[in-house]
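Morning, everyone. Please look at the screen while I bring up the next model.

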Amino acid sequence: MEKRGRGVKSSPIQTPNQTSQQAPVTPRKERRPSMFEKEAYAQILRERLRESIHDVQYVEPPFDDSIADIGKEWKSALAKLKFANSYRMEPLKKFQAHSVETKIQQILTESLKDVKYDDKVFSHLSLELADRILLAVKEFGYHRYKFIIKVLFIQKTGQAINIASRWIWDVAWDSWVAAKHEAESYIALVLVFALYYE
């Protein structure tokens, strides 16, 4: 007979005929997906990026046609990357002030050819012009340059004006461009500062 009491656990009695070896149950470790499976490539990439302590500068996309069509997952995985420093001390393409100046002058003459001075209109127009000029300058493809654009509208009332800017920059790679458009009642001045970001 078995005693059942407080704190005593009973175990079933086994006869010699009923003895069976029960192997200890260990949880099965989930198999990591292969890198060559279509869906698994982006997942492996995400896991490696999550576990990495270093920032990734560039990851080469797969060249195999069977896994090249994971486009959206691949782009979303790359979109969240932080780029590591490449230790490049000089730009691939130096800022060409003359070509940028001609483009800015062209945008100014197109945008302001029939515009008369109105301070309420110019507050919005200066923002639009700055955005247009920024897009035009970025089309030149100056990598790792940061651009600061100032658009000034000055009403002509017979006054004199001095405009000054001070910057701490690298004389070898940083530069600036000024463009001016003059009408009967105002002067529009655009300053573009190009700063190389190492």
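Where does K116 lie? K116 sits in the loop that runs between α3 (97-112) and α4 (119-138). Keep in mind that this is a predicted model.

Is K116 buried or exposed? Exposed: its relative accessible area is 69%, and the cut-off for that label is over 50%. K116 still has partners. Set aside the neighbours within four places in sequence, and K116 is in contact with F122, S185 and Y186. Look at A183 as well. K116 and A183 are 67 residues apart along the chain, with 8.0 Å between their C-alpha atoms.

Now the charged pairs. Side chains of opposite charge can pair when their charged atoms come close. How many salt bridges does the structure hold? Two.

Take R132 and E110. They form a salt bridge, and their closest N and O atoms are 3.5 Å apart. This pair links distant parts of the chain: R132 is in helix α4 and E110 in helix α3, 22 residues apart. R132 counts as partly exposed, at 40% relative accessibility. E110 counts as partly exposed too, at 45%.

Next, E182 and K156. Here the salt bridge has its closest N and O atoms 2.8 Å apart. E182 belongs to strand β2 (residues 175-182), while K156 is in the loop between β1 (145-155) and β2, so the pair ties together parts 26 residues apart in sequence. E182 has 46% relative accessibility and counts as partly exposed. K156, at 34%, also counts as partly exposed.

That's my tour. Over to you.

How values were computed. Residues are numbered from 1 along each chain as its sequence is written. This is a predicted model: local features need pLDDT of at least 70, side-chain atom pairs count only at pLDDT 80 or more; totals for chains, interfaces and linings use all residues. Side-chain values use heavy atoms; hydrogens and water are left out. Helices (H or I, at least four residues) and strands (E, at least two) are DSSP runs, numbered from the N terminus. Buried means under 20% relative accessible area, exposed over 50%, partly exposed in between (1.4 Å probe, protein chains only). Contact means heavy atoms within 4.5 Å. A salt bridge is a side-chain nitrogen of Lys or Arg within 4 Å of a carboxyl oxygen of Asp or Glu.
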